Protein chains: 2
Amino acid sequence: MDTKFNKKNFIENFKNNCNRVQVKKFSKGETVTTYIEKRSQICIVVSGEVDLIRYDFNGNKTIIGHFVDNEIFGEVFYPANTNNELFAIAHKNSEVLFYNYDSLSVKCKKNCEFHKELTNSLRQLFLDKIVELNLRIELLTTKSTREKILSYFRILSKGTLRRTFTLPYSYTDLADFLSVDRSAMMRELKLLIDDGFIKKNGNKITLLY
Amino acid sequence: MDTKFNKKNFIENFKNNCNRVQVKKFSKGETVTTYIEKRSQICIVVSGEVDLIRYDFNGNKTIIGHFVDNEIFGEVFYPANTNNELFAIAHKNSEVLFYNYDSLSVKCKKNCEFHKELTNSLRQLFLDKIVELNLRIELLTTKSTREKILSYFRILSKGTLRRTFTLPYSYTDLADFLSVDRSAMMRELKLLIDDGFIKKNGNKITLLY
DNA sequence: AAAAAACTGTTGCATTTGCAACAAAAATGA
DNA sequence: TCATTTTTGTTGCAAATGCAACAGTTTTTT
């Protein structure tokens, strides 16, 4: 993915220079946005971590997304006719940048450089998001917990070019990401160790296959 | 989703006027692209249907995507470090438009209007794709086959504003889309009928909840 | 019009998975 | 530093799900 601009720099500049954006701070546990109003709002994590939480028909709570540095999220990325209530909640103290997708083509008062760049940059951010979502779908569409785990580990291994790597999630969050029951996942991890597929030391994993 | 341009018209114009794109025809069963080379290639279904097929580590075949009119697909939307082999196969006789994402910013020889529009339009196509992928992830992250089915049916019902609607997939394809075993899904459908949640008449479903 | 291919519908059975529950360890924060 | 919260690790059990297999329809192709 030859990203033709530096995402971090871009967002930093944008945040400091353009008066059409807002940056707000949230304490851990606070609601960042509700996915009910502001349909055209795009959010970017400037610092911290934000969870996307679903309360379904029966009131069950599931973490369906987890956003960190420079990731985009917001209701604009979700279909209007969903059944569920979605909430973006600060997982840690966080800073989030907001702006309206609608206002993209309009010049801001400062006539800032960043609006000119925005169209191209946003396309790249969108593409990155698609890649990320397709990756997740690849994992979610495997048939077994074992395959989900192994596929994910193989991806991490390829990404780092190492057989040993550190998990970017806690085991609790990993279970959410893979959409499996945590205890079932832990059980399967133990079986994978017993069967000689992996080694596990805290949140460090070694692939042995 | 206030799409600010007509997708169908846009693609039709693009196809006819810009000499940087190629449109090729494929017979049912032919390989459209392999997701191994041409990393920067974007594909659009002009007519027909294209399946995205995964052969995993163990050689199991799964249909992980299904593209129809004007949908975009291609290797550029997939992470480079995937474990699996992906193939786009024509599900019916199809026409597919190809062009390079790289060449986006370059003017074509005709200096065509469509290249000027392309950036904005593509951003919208990307956004549509994100929405579609998020919808699928919503379904895939429910805990049970019953919830997957009901959630999807509720979405179709809301989309059409009708309690009775026609499924856009065959039951075989629906099972793939929801990533459940077909026979297990059929069993669950019967239970949903017995429990009075739905009625089913061929590929027409009525929600009763 | 006949043959082939794809799809629907169904079932028994084995396995996988989720759920509930709890103790111990680690991390957080007041 | 002590108390609280979060995470990890584990297990028995019940329920959900995948798999295999096959017959009957429907659709497509020749």
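Predicted model: local features only at pLDDT ≥ 70, side-chain atom pairs only at ≥ 80, totals over all residues.
A salt bridge here is a side-chain nitrogen of Lys or Arg within 4 Å of a carboxyl oxygen of Asp or Glu.

As for the general idea, side chains of opposite charge can pair when their charged atoms come close.

Over all chains, the structure holds 10 salt bridges. Another of them stays inside chain B: the side chains of B:R146 and B:E188 meet at 2.8 Å, N to O. That pair links distant parts of the chain, with B:R146 in helix α3 (residues 145-160) and B:E188 in helix α5 (residues 182-194), 42 residues apart. B:E188 has a relative accessible area of 16%, so it falls under the 20% limit and counts as buried. Over in chain A, salt bridges that share partners join A:R146, A:E188 and A:D195 into one network.

Next, go to A:Y35, in the loop between β2 (31-33) and β3 (41-47) of chain A. Is this tyrosine buried or exposed? At 7% relative accessibility, A:Y35 counts as buried. Leaving aside residues up to four places away in sequence, A:Y35 touches A:L52, A:F73, A:G74, A:E75, A:Y78, A:L86 and A:A88. As for A:Y78, its C-alpha atom is separated from that of A:Y35 by 8.4 Å, although the two residues are 43 apart along the chain.

Further along chain B there is a hairpin. Strands β10 (residues 198-201) and β11 (residues 204-207) of chain B pair in the antiparallel sense over 4 bridges, and B:K200 stands opposite B:I205 in β11(B). The hairpin has 2 residues between the strands, and B:G202 takes a positive phi near 60 degrees.

B:K200 also brings us to the DNA. Of the 18 residues around DNA strand C, A:S144, A:T145, B:T172, B:K190 and B:K200 come nearest. Sugar and phosphate make up 47% of the atoms of DNA strand C that come within 4 Å of the protein.

A side-chain N or O atom of A:S183 is 3.2 Å from a base nitrogen of DNA strand C, while one in B:R187 is 3.4 Å from a base oxygen. On the phosphate side, a polar backbone atom of B:Y171 is 3.0 Å from a phosphate oxygen. The elements giving two or more residues to this surface are α5 (182-194) of chain A, plus α4 (171-178) and α5 of chain B. Which element supplies the largest share of the surface near DNA strand C? That is α5(B), with 5 residues. Sorted by class, the surface near DNA strand C has 8 charged, 6 polar and 4 nonpolar residues.

How values were computed. Residues numbered from 1 in each chain as written. Chains lettered and ligands numbered in written order. Heavy atoms only, no water. Buried < 20%, exposed > 50% of the residue type's maximum accessible area, 1.4 Å probe, protein only. Contact = heavy atoms within 4.5 Å. Pairing = 2+ DSSP bridges. Near = heavy atom within 4 Å. Polar contact = N/O pair within 3.5 Å; in protein donor to acceptor, adjacent residues only side chain to side chain. Nonpolar A, V, L, I, M, F, W, Y, C, P; charged D, E, K, R; others polar.
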